[in-house]
Amino acid sequence: MKTQVFTIKDNQINQQDMMAAAEIIRSGGLVAFPTETVYGLGGDATRADASRKIYKAKGRPSDNPLIVHIADFSQLCQIAAKVPPEAELLAQHFWPGPLTMILQKNQVIPYETTGGLDTVAIRMPAHPVALAFLRESGCMIAAPSANTSGRPSPTSASHVREDLQGRIDAIIDGGDVEIGIESTIVDLTEEIPCVLRPGFITLEMLREVLGEVRLDPGIASENTKVPPKAPGMRYRHYAPKAELTLVEGEAAQVVHKINELAEQAMKRGCKVGIVATEETKTCYSGGEVVSIGSREDEAEVAHHLYRVLREFDELGVDVIYSEGFDTAGVGQAVMNRLLKAAGHKRILV
Ligand code: TXA
Ligand code: MG
């Protein structure tokens with residue numbers, strides 16, 4: 001299959017390209033498109049055949065449900081069996097934006113889209129290209145992250161091309177995304193709202209609007225025994241090709257430990273990658289050192305995370321050592337993704 005690329009500069013949307021991309025969705029095809037979090041791989045959410053194609057293109061297990069993207073709150077009412085007041089409140093505060101809500105579904109969305117579940121994940125993205133695309137298609141668009149299953153999520157169209165070129169109908173290239181880490185997922189089907197995946201919208205922000213909100217015990221970083229509720233959070237995922245180990249503790253000791261581990265690995269003949277920060281990047285004595293940003297700025301670290309992991313794949317390193325990060329704000333999402341990428345291999349110094 002030839003993958004068409006529609007290039008958009010500075011969010012100036014070419015109407016003809018938008019119409020062509022929308023027509024692909026309406027006829028059951030797949031189009032990757034930018035959102036403010038990561039690129040999504042879109043298909044008509046109401047068509048079982050389109051959802052099946054999404055799983056196939058990504059090589060994703062079909063029991064891992066997709067997120068349905070909408071452009072208008074009225075579409076949520078079309079697909080949810082009931083709309084709790086919490087959903088309206090969250091939409092008022094955070095939509096359009098990087099927040100996904102889980103609600104009971106009705107029959108409009110097929111089980112192929114929800115991985116067989118009776119609940120559906122819904123998000124209204126804030127990216128102007130994503131919103132224009134949703135409106136032009138007139139569809140609700142099911143879209144997981146537009147990567148091959150198991151690879152880091154794509155934060156630019158070139159990442160999508162690396163993984164899915166020739167496997168999907170088209171890519172809308174809207175440049176680099178803004179946030180770089182997937183949306184926060186909050187489950188509203190239980191009595192107390194529960195965060196199933198941390199993201200840019202933090203637990204504290206949700207609590208300010210809703211009052212009590214829980215964090216799924218399956219994703220607390222120190223808990224590796226309880227399985228996470230979101231099927232996608234159970235896989236080792238967001239994974240670079242090399243083996244990743246997180247080293248946490250006081251900065252100087254972390255640098256010392258990573259230098260020691262890197263030296264040992266290089267003696268074994270391994271090519272080593274190091275995830276450093278602006279503050280520490282000059283303190284390492286060997287290996288491929290990549291700065292992920294300043295540790296004072298969690299949003300910058302989140303923004304660079306997946307690009308850095310892909311960079312190490314390109315460099316062909318065998319092992320990666322990464323510094324750990326503070327879990328305040330979006331730092332919680334960063335540590336959640338890093339721990340998953342590391343398969344929970346961590347060293348505390
Ligand atoms: O930011 C994002 O959310 C991006 C962009 C494209 O919108 N999408 C994204 O999709 O990250 P994906 O498929 O990579 O991750 C969706 C996650 C998975 O962990 C999946 O298991 C969970 O959402 N999920 C979807 N529907 C669910 C449901 N009904 N119940 C529990 N978890 C669900
Ligand atoms: Mg994903």
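How many of the eleven residues of helix H10 (residues 331–341) are buried? The legends below take up this question after a view of the whole chain.

**View 1. The whole protein as a predicted model.** This is a predicted model, in which local features need pLDDT of at least 70 and side-chain atom pairs count only at pLDDT 80 or more, while totals for chains, interfaces and linings use all residues. Residues are numbered from 1 along each chain as its sequence is written, chains are lettered from A and ligands numbered from 1 in the order in which they are written, and side-chain values use heavy atoms, with hydrogens and water left out. The protein has ten helices and 16 strands, where helices (H or I, at least four residues) and strands (E, at least two) are DSSP runs numbered from the N terminus. The radius of gyration, taken over C-alpha atoms, is 20 Å, close to the 20 Å that the globule rule gives for 349 residues, so the protein is as compact as a globular protein of that length; the rule itself is 2.2 Å times the number of residues to the power 0.38.

**View 2. Helix H10 and its cover.** Ten of the eleven residues of H10 are buried, so the helix is largely enclosed by the rest of the structure; buried means under 20% relative accessible area, exposed over 50%, and partly exposed in between (1.4 Å probe, protein chains only). Among the buried residues are Gly331, Met335, Arg337 and Lys340. Their cover includes strand S10 (194–197), strand S12 (243–248), helix H9 (298–315), strand S15 (319–323) and strand S16 (346–348). Just after H10, glycine 343 takes a positive phi of about 55°.

**View 3. Valine 349, in the segment after S16**. Valine 349 is partly exposed, with a relative accessible area of 37%. Although valine 349 and alanine 251 are 98 residues apart in sequence, they are 9.6 Å apart in space, C-alpha to C-alpha. When neighbours within four places in sequence are left aside, valine 349 is in contact (heavy atoms within 4.5 Å) with Val247, Glu248, Gly249, Gln253, Val254 and Lys257.

**View 4. Cysteine 139 and cysteine 194.** Cysteine 139 counts as buried at 9% relative accessibility, and cysteine 194 is buried with a relative accessible area of 2%. The closest cysteine sulfur to that of cysteine 139 belongs to cysteine 77 and is 18 Å away, too far for a bond. With a disulfide taken as a pair of cysteine sulfur atoms within 2.5 Å, the count comes to zero disulfides.
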